[in-house]
Amino acid sequence: MTETYLNDTVINAKGTPCSRSVSYPIEASAIRKWAIAVYWPEPAPEVFMYAEYAPEDFDPFAWGPASYESLLPGDDSGVVYRHGINERALGFPEWKFRAGLNGGMNCTYGVRMHVGDVITDVKSVGEYTERQGRNGLMLITQSISTWTNQRNELVKRTINTGICY
Amino acid sequence: MNSSSAPSTPASAISRVQVGEQLPPFTRRTDFDNWNRYAAVNDEFLPHCMNDEAARSEGFPKAFGMGNLQWSYVHSLLRAFIGPDGAILRVDLQFRNPNLRSQVLTANGTVTAIAGDVLSVELWTQEDKGSRLALGTAVVRI
Amino acid sequence: MTVKVGDEIPTFTRETGFANWNRYAAVNDEFVPIHMDDAAGEAAGNGGAFGMGNLQWAYLHNMLRSWIGENGEILSIEVQFRSPNVKGQTVTAKGVVTAVDGDVISLDVWTEQQEGTKLAPGSAKVKMGK
């Protein structure tokens, strides 16, 4: 039985920048398909069908970034960690979990995303905690994504929470 | 059963927003049809969202939907309320219970504070029997 | 490369299930219940969900394209879907040269599952790239 998931390496990693991804230029068709999917089966608002701007929840990194760079020293794995951070390169223990779930998101928005925008996502480690639950001891992970556009304007800052057990 | 939220709130109605006001809900019956379409655009092909057996191996009774789609649904709820000239400033959402197959999911919001043209909103999603699936808050400008 | 009748071309293999079927559905807007939901597949008499024929069609094209090279041409292809591609199968696309007529090569092509049962038999005509 696991007594704790948290060691000094995990705790002290808070705030460590992990990666920088740059998106392909946002395309109108991607905005349109996103809107269709999230409004399905009702029609999506016209403003998205003609891609005047993207829904705030739109992800231009779906189906891969245009470029990805690890910011962790010595990480030359070349693996793109889209939804998280490279825990192995951070020196975290090699935990084995039965399940990894989305625990929630907390997001602060800046400017809207438009067709042609190129978004940069810098991910860093948030605060890792643990708590007992009905599935035993659960590791609560946090990663922080900061998105800016090509004009270096803040698009959004998101705290992503994961639950692993 | 599906209903989008009401058409965008016109400016004249916005001036009458009050604390306690309920946002027009956003409802979708959820199953593989929506989840796989969302998976398509978000490249989120998770076994427990596609396959009952995979979900059961993780302790769930059947396949369940991705939290990111509920995230999108609450954004759709807010967008319809604030209108095209409004802005979503902040959203916070925690996923507490899984969105299981065939549930009718409704995103709801209640205005909790008004400061000039900035509203605070309590958010939640619930399934057809009323159990809350995700809880959170938002701050929007109208 | 000298091609002769009887040559078996390099195969194309994929383990299949929801992971590939749903990705294919995504790009082809083919969100059909029998391909996504075991209950729908059972109701259709197949014991569970099964993959779309269009994906096997794509696999056969992948196999041919890889063999003929960038400058080659797939001139024609026809296939019949005889057995369902059910969960857990490893599908292999295969081809055998049946005729060489100048630079036009005819092949028998098919997909089969891991025990050799043919899922989709057919034929194709190609030109090799130079």
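The loop between β6 (136-148) and β7 (154-164) of chain A is where you'll find A:Asn152. Its phi is near 60°, a positive value in a residue other than glycine. Keep in mind that this is a predicted model.

- A:Ala51 sits in the loop between α3 (46-49) and β2 (67-70) of chain A.

**Chain C at a glance**
- Chain C has 4 helices and 5 strands, and from the N terminus on they run β-α-α-α-α-β-β-β-β.
- The C-alpha trace of chain C spans about 50 × 30 × 20 Å along its principal axes.
- Of the 130 residues of chain C, 32% count as buried.
- Take the contacts in chain C between residues at least 6 apart in sequence: 62% of them join residues at least 24 apart.

**Helix α4 of chain C**
- Helix α4 (residues 53-68) of chain C has 16 residues, so at 1.5 Å a residue it should span 22 Å; the end C-alpha atoms are 23 Å apart, which agrees.
- The buried residues in α4(C) are C:Leu55, C:Gln56, C:Tyr59, C:Leu60, C:Met63, C:Leu64 and C:Trp67.
- As background for that spacing, an α-helix has 3.6 residues a turn, so residues three or four places apart point the same way.
- The cover over the buried residues of α4(C) includes β1 (12-15), α1 (18-28), β2 (73-79), β3 (90-101), β4 (104-112) and β5 (118-127) of chain C.
- After α4(C) comes C:Gly69, with a positive phi near 85°.

**Where chain C meets chain B**
- On this interface, 10 residues of chain C are in contact with 10 residues of chain B.
- α1(C) supplies the largest share of chain C's side, 6 residues.
- By class, that side of chain C has 6 nonpolar, 1 polar and 3 charged residues.

**Nonpolar cores**
- The largest nonpolar core has 83 residues, and B:Tyr38, B:Val74 and B:Leu77 have the most contacts inside it.
- Helix α5 (residues 67-82) of chain B gives this core its largest share, 9 residues.
- A second, separate core has 11 residues, including A:Tyr5, A:Ile85, A:Val125 and A:Leu139.

Technical notes:
Residues are numbered from 1 along each chain as its sequence is written. Chains are lettered from A and ligands numbered from 1 in the order in which they are written. This is a predicted model: local features need pLDDT of at least 70, side-chain atom pairs count only at pLDDT 80 or more; totals for chains, interfaces and linings use all residues. Helices (H or I, at least four residues) and strands (E, at least two) are DSSP runs, numbered from the N terminus. A residue is buried if 20 or more other C-beta atoms lie within 10 Å of its own, exposed if 12 or fewer, and partly exposed in between; C-beta atoms are placed from the backbone. Two residues are in contact if their C-beta atoms, placed from the backbone, lie within 7 Å. The expected span of a helix is 1.5 Å times one less than its number of residues. A nonpolar core is a set of buried Ala, Val, Leu, Ile, Met, Phe, Trp, Tyr and Cys residues joined through C-beta atoms within 7 Å. Ala, Val, Leu, Ile, Met, Phe, Trp, Tyr, Cys and Pro count as nonpolar, Asp, Glu, Lys and Arg as charged, and the others, Gly among them, as polar.
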